[in-house]
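Thanks for coming. I will go through one structure, and I will start with a single residue before widening out. Please have a look at it first.

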Amino acid sequence: MSLENVTQFDVWCGVGLLLFACFFPVLTCAQDLAPRAYIITPIHSNAVTLTYAFFGGDILFDGDVPITGATAKASLSVFSYTHSFHLLGRSASVSASLPYGVGNFHGTVVGADTNAYRSGGLDSSVRLSMNLKGGPAMDLQEFRKWQQKTLLGVSLKVVVPTGQYDPKKLINYGANRWAFKPEVGVSRRWGHWVVDGYGALWLFTTNHEFFSRNQFSPATNTQKQHPTFAFEGHLSYDVKPRLWASLDGNFWVGGQTSLNGVENPNTLQRNSHIGSTVSVPVSKHQSFKVSYNRGAYVIYGGDYQNVSVGWQYSWLGRPN
C-alpha cells in the first residue's frame with residue numbers, strides 16, 4: 001500500500017475494520033469452542049454461570065495496511081443463565097449472557113505508536129436450542145434411566161447490540177448491529193467417550209454509524225459484513241459423572257467487511273483454534289470449568305491465546 005495514496009481517514013478506517021474483524025468476533029464468542037453444547041438435561045434444569053476469560057496476542061495484517069506490531073489484550077467477565085424445558089415433546093433450552101470487558105490495544109500506525117484502552121459492556125446474547133433426535137423431554141426420574149447414543153439438535157444464537165458503542169471512536173466493545181447464528185449440532189456417545197460436531201452460519205445486519213461524526217469523517221459511514229461459516233469439533237472423555245475433559249478445535253471462513261459499499265478483501269478470515277476443556281464438580285450443585293485455546297492456523301487476523309475459568313451453580317426447579 002502506497003502511503004502517498006492513502007488519506008488519514010482511509011488509514012484509520014482500515015485499522016478499525018481490521019481490528020473489528022480480527023478481535024471482536026472472538027470476544028463476542030463468534031468463534032466458540034463449546035464442548036457438549038447439545039447434550040441434554042432434565043426439564044426444569046437451571047444453571048447460573050460466572051466466567052472470567054483472558055485474551056491476548058498479535059493481530060496479523062501481513063503488510064497490507066501500514067500497521068506493525070499490533071497486539072491486543074482483554075479480560076472478559078460473563079454472567080450467564082440457562083433454563084431447560086420441553087418444546088413439542090423434545091428437550092430444549094434457552095440461555096442468556098451478559099459480558100463485560102476491559103481491553104488494551106497497541107500498534108504502530110503509519111510510524112506513530114498508538115495505544116487504546118476500553119472498558120464496558122459488550123453485546124449481550126440469547127441462545128435457543130432444541131433437540132431433534134435422541135433427546136425427548138424428560139423429568140429427572142426418566143433422565144436417570146436414559147442412555148445417550150446419538151443426539152441431533154439445532155440452535156439459534158442472537159447477539160443483541162446492547163454493548164458500549166460511541167460512533168466517534170474507532171474501537172468499541174459494542175458492534176452496533178445484530179448478529180444471528182443458526183447452527184446444527186451432532187453428539188454421539190460411546191461409553192465414556194463423546195464426540196461433538198457443529199456447523200453454523202453467522203449473519204450480520206448493517207452498522208450505519210461506523211467511525212462517524214468525528215474529525216476524520218463528519219458524515220456517517222456504513223459498515224457491512226459478509227456471512228461467516230463456522231465449524232467446530234470436540235472429543236471428550238468422562239472420568240466419572242460430571243468430571244470430564246475434552247480436546248477442542250474449530251475453523252471459520254468468511255466475514256469480509258465493506259465500508260460505504262467498498263469491499264476490504266483484507267478482512268476475509270480463514271482461521272482455526274485448538275484447545276482443551278476440563279470440567280470438575282465440587283458439590284451437588286456446583287462445578288468449575290477451565291479451558292485454554294490458541295490459534296492453530298492463522299494466516300490473517302487474530303493470533304490469540306485464551307484462558308478462561310468458569311463457576312456454575314445448577315439446580316432443578318427452585319434453588320436449594
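Glu183 is buried, with a relative accessible area of 8%. Buried here means under 20% relative accessible area, exposed means over 50%, and partly exposed is in between, using a 1.4 Å probe and protein chains only.

Before I go on, a word on the source. This is a predicted model, in which local features need pLDDT of at least 70 and side-chain atom pairs count only at pLDDT 80 or more, while totals for chains, interfaces and linings use all residues. Residues are numbered from 1 along each chain as its sequence is written, and side-chain values use heavy atoms, with hydrogens and water left out.

Back to Glu183. Which residue forms a salt bridge with Glu183? The partner is Lys181, and the closest N and O atoms are 3.4 Å apart. By salt bridge I mean a side-chain nitrogen of Lys or Arg within 4 Å of a carboxyl oxygen of Asp or Glu. Lys181 also counts as buried, because its relative accessibility is 5%.

The structure holds 4 salt bridges. In one of them, Glu209 and Arg213 meet through their side chains, at 2.5 Å from N to O. Glu209 is partly exposed at 27% relative accessible area, and Arg213 is partly exposed at 38%. Salt bridges with shared partners also join Arg36, Arg189 and Asp238 into one network. Asp238 is buried, as its relative accessible area is 10%.

Now the chain as a whole. How many helices and strands does the chain have? The count is 3 helices and 16 strands. These are DSSP runs numbered from the N terminus, with helices being H or I of at least four residues and strands being E of at least two. Of the 320 residues in the chain, 48% are buried. Taking contacts with a separation of 6 or more, 66% are between residues 24 or more positions apart. Contact means heavy atoms within 4.5 Å.

The largest nonpolar core has 9 residues: Ala72, Phe105, Ala116, Leu170, Ile171, Phe210, Phe211, Leu259 and Tyr304. A second, separate core has 7 residues, among them Ala74, Val78, Leu122 and Tyr173. A nonpolar core is a set of buried Ala, Val, Leu, Ile, Met, Phe, Trp, Tyr and Cys residues joined through side-chain atoms within 4.5 Å.

Asn293 lies in strand β15, residues 286-298. Is Asn293 buried or exposed? Asn293 counts as buried, because its relative accessibility is 10%. The side chains of Asn293 and His273 are joined by a polar contact of 3.0 Å. A polar contact is a pair of N or O atoms within 3.5 Å; within protein, one must be able to donate a hydrogen and the other to accept it, and residues adjacent in sequence count only if both atoms are side-chain atoms. Leaving aside neighbours within four places in sequence, the contacts of Asn293 include Leu33, Gly275 and Tyr304. Tyr304 has already come up as part of the largest nonpolar core.

Gln269 is in strand β14, residues 269-281. Gln269 is buried at 4% relative accessibility, and its side chain makes a polar contact of 3.2 Å with the side chain of Asn271.

Ser45 is in strand β1, residues 45-60. With a relative accessible area of 13%, Ser45 is buried. Its side chain reaches the backbone oxygen of Pro42 at 2.6 Å. Not counting residues up to four places away in sequence, Ser45 touches Thr82, His83, Ser84, Trp315 and Leu316.

Last, the surface. The chain exposes about 15300 Å², with carbon and sulfur atoms supplying 61% of it. Accessible areas come from the Shrake-Rupley method with a 1.4 Å probe, and for residues only the protein chains shown count as cover. Trp190, Trp193, Val195, Leu235, Tyr237, Val239 and Leu247 form a nonpolar surface patch with about 680 Å² of accessible area together. Patches are made of residues with over 30% relative accessible area and no salt bridge, with like charges joined within 9 Å and nonpolar side chains (Val, Leu, Ile, Met, Phe, Trp, Tyr) within 5 Å. Which strand gives the most to the nonpolar patch? That is β10, with 3 residues. Trp190 sits in strand β7, residues 179-190.
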